[in-house]
Amino acid sequence: MSLAADLCDRIVSRREDALKANAGPWPRTQPVPSDLSDCTRAMVLSVSHWRDRPPFEPFLKARFNRGTLVEDAIKRELRDLGITVREERQAFEVKDRQGRVILRGRLDGFLEDGRSSVPLECKSVDPNVFRTLKTLEDFSRYWYARRWPLQLQCYLYGENLPEGILLLDDCLGHWRPFVVPIDFEMLERIVSQCEQTVEHLAAKTLPDFHPDALVCRRCWCFNRVCFPPVEQQGLTALDDPDFERKLDRRGELVPFRKEYDALDDEIKERMRGKDGVVVGGWLIQGKETMTQRKAQEAKTVVGWRTTITKLEATDGD
């Protein structure tokens, strides 16, 4: 192996090890802003079953790390523009009417002008997503982005402030700041949901399953610590032992198919340009092919994509 190839392998291996370190999960006794969800059950499980939450995958941890670097770059540039940035990562708490802490979090920072402070939340997004986020309402189009205005609402409530700024960066240096005014109707829903979460945690109970199967399937809890009934997932249960055996056999063969595909590609690439080769008991022949395609009118093709997933064995909720 060449020195360059060896260095490439070391870079990849060591970076992956570094990204796996401190990738969670982390304990908590109350919800945090990133736990805010359409599903109260998921919020309860995020606290009560935090150990079962999988650590972040290296590629996602790398994305988070890059987001932190972008946030730091934003603050440096804001200072260069003559804007005062205070970044003390101030902790805040949200309490209910009984004085119980129902949410804890930290603020990214504040912008100041000598008279007052405005809370600042920085987020970096994919350039394609950035282009679609032009109003606060647009954030609801993405399940992960819809939480960001909610998080800032919690900061405003916790600090008793009238408005904040959510500043987006597309990772290419383009910015888009949003004024986020305090929304008491939205806060009422957030506080109510956090209250329910804390009450279920104290009683060691769980709320009902979320009625939307799509929300369930993209949740970390799904089929890990939360097992909605089949009919709740918008699915139909089939009692077909023969079909089940075929699916089981298909699952057993998947690793071999992957190995076959890899070897097939390697062999064909090695034999490219060779008319005929005999290797042991194998005859390999090849020939050049040419395909002429006629221009076709644009048309809509209706297809159907099927995905098959092995469900984990469970003992129930």
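The model is predicted, so local features need pLDDT of at least 70 and side-chain atom pairs pLDDT 80 or more, whereas totals for chains, interfaces and linings use all residues. Residues are numbered from 1 along each chain as its sequence is written, and side-chain values use heavy atoms, without hydrogens and water.

Next, select helix α1, residues 3-20, where Ile11 is located. Ile11 counts as exposed because its relative accessibility is 56%; exposed means over 50%, buried under 20% and partly exposed in between (1.4 Å probe, protein chains only).

Now turn to the interior. Of the 317 residues in the chain, 30% count as buried. Select Leu36, Phe139, Trp148, Leu166, Leu168 and Cys194, which touch the most other members of the largest nonpolar core, a set of 30 residues. Such a core consists of buried Ala, Val, Leu, Ile, Met, Phe, Trp, Tyr and Cys residues joined through side-chain atoms within 4.5 Å. Elements that each supply at least two residues of this core include β2 (91-95), α5 (147-159), β6 (163-169) and α6 (184-203). A separate core of eight residues has Val70, Leu78, Cys122 and Leu167 among them.

Finally, centre the view on Phe139. Beyond its neighbours within four places in sequence, Phe139 is in contact with Leu133, Ala145, Arg146, Trp148, Pro149, Leu166, Leu168 and Phe178, contact being heavy atoms within 4.5 Å.

How values were computed:
Helix = DSSP H or I, 4+ residues; strand = E, 2+ residues; numbered from the N terminus.
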